[in-house]
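These are my notes from a first reading of the structure. I set down each item as I looked it up.

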Amino acid sequence: MGQEPTIGRAVAVRELTEKAAERGNEAAAKKDAIVVAEKIHKTFRSGEIEVHALRGVDLTIGTGEMVAIMGPSGCGKTTLLNSLSGLDSFDSGQVTIEGTPLAAMNDRTRTDYRARRMGFVFQSFNLLPVISAVENVEMPLLVSGVRPSEARKRALESLASVGLANRASHRPMQLSGGQIQRVTIARALVNHPALVWADEPTGNLDVGSSTEVLALMQRLNREQGQTFVIVTHDPHVAGLCGRIVRMEDGEIAADE
Ligand SMILES: Nc1ncnc2c1ncn2[C@@H]1O[C@H](COP(=O)(O)OP(=O)(O)OP(=O)(O)O)[C@@H](O)[C@H]1O
Ligand SMILES: [Mg+2]
């Protein structure tokens, strides 16, 4: 009799523990996928012309993956990155990032989330011309509320990691194309974002800088588990990624 409540409690505790573990697993399973895209459609209309740029794309990106997206010019790679990262709207389908549907975030939340958790290496995200390289790089930190002295320190470290410690005070127009691209990469990585979107990150780089930048991304991916989604035309870059997603005419043609 005296045993009953104890056993009852033990059973209850075990059940609770099991439930918690299940919940933990569920959370882990959800956390495992940092991005889930389901049936994404996007059509551009300009006047009479319609371009169905995304035709029902399904794509799951696991936390800590390094994924290359390849495919012919115009097949929808940039459109996909813009849609998945919440930079641009899409017509139908759902994108879930770290368990939260983009649709459930308002503009402010989405912008905040991007500043805290995402890094972008996009050609359209140009550097500001009137400020120095280090000021460009520290910008995302200042936006996220990091103290200016700390932001400066981290921006300098990030510039050093792309081999530009000695160009910190240069303005973009005093840098070469490849150096500008590396500053953009330093800026994208300075926040240690969970998820980095890169559209042709090595497009302007010579083989040496390109290899360096890729090595840096691989190291961050390995050591810090950062997730990278990299659009590239370069088979060498793609070969360094653990997974290659091939797009064709607005669809995923292969995933290997
Ligand atoms: N703002 C826009 N208005 C109209 N059509 C667009 C717009 N942006 C892209 N498109 C069209 O959508 C299709 C997909 O474009 P997207 O930029 O995603 O291609 P991509 O795969 O990134 O090509 P690239 O390798 O040349 O960068 C193309 O046919 C393009 O012409
Ligand atoms: Mg593109």
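**Entry 1: the whole chain**

I began with the contacts in the protein at a separation of 6 or more, and found that residues 24 or more positions apart account for 70% of them. I note that this is a predicted model. I then listed the secondary structure, which comprises eight helices and ten strands. Of the 256 residues in the protein, I found that 36% are buried.

Which residues lie around ligand 1? I recorded Phe 44, Ser 46, Val 51, Ala 53, Gly 71, Ser 73, Gly 74, Cys 75, Gly 76, Lys 77, Thr 78 and Thr 79. I traced the elements that give two or more residues to this shell: strand S1 (33–46), strand S2 (49–62) and helix H2 (77–84). H2 gives the most, with three residues.

**Entry 2: the strands**

I next followed the open sheet of four strands, whose order is S2-S1-S4-S5 and whose pairing is antiparallel. Its edge strands are S2 and S5 (100–101), each of which pairs on one side only. Between S4 (residues 92–97) and S5 I found two bridges in the antiparallel sense; there Ile 97 stands opposite Thr 100 of S5.

I turned to strand S6 (residues 118–121) and asked which residues cover its faces. Met 118 and Phe 120 lie on one side, Gly 119 and Val 121 on the other, and all are buried. S6 pairs with S7 in the parallel sense, over four bridges. I noted that Met 118 stands opposite Leu 195 in S7.

**Entry 3: helices H4 and H5**

In H4 (residues 133–143) I listed the buried residues as Ala 133, Val 134, Asn 136, Val 137, Glu 138, Pro 140 and Leu 141. They pack against helix H3 (107–117), helix H5 (148–161) and H6. Just after H4, I found Gly 145 with a positive phi of about 85°.

I then checked the length of H5. At 1.5 Å a residue, its 14 residues should span 20 Å, and the end C-alpha atoms are 20 Å apart, so the two values agree.

Where do the buried residues of H5 lie around its axis? The buried residues are Ala 151, Ala 155, Ser 158 and Leu 159. They cover an arc of only 100° around the axis, and therefore lie on the same side of H5. I noted the general rule that an α-helix has 3.6 residues a turn, so residues three or four places apart point the same way. On the other side of H5, Ser 149 and Glu 150 are exposed. I recorded H4 and H6 among the elements that cover the buried residues of H5. Just after H5, Gly 163 takes a positive phi of about 80°.

One is His 192, at about 45°, in the loop between helix H6 (177–189) and strand S7 (195–199). I counted His 192 as partly exposed because it has 13 C-beta neighbours inside 10 Å.

The other is Glu 200, at about 55°, in the loop between S7 and helix H7 (207–224).

Note on methods: Residues numbered from 1 in each chain as written. Chains lettered and ligands numbered in written order. Predicted model: local features only at pLDDT ≥ 70, side-chain atom pairs only at ≥ 80, totals over all residues. Near = placed C-beta within 6 Å. Buried ≥ 20, exposed ≤ 12 C-beta atoms within 10 Å, placed from the backbone. Contact = placed C-beta atoms within 7 Å. Pairing = 2+ DSSP bridges. Expected span 1.5 Å × (residues − 1). Arc of directions from axis to C-beta.
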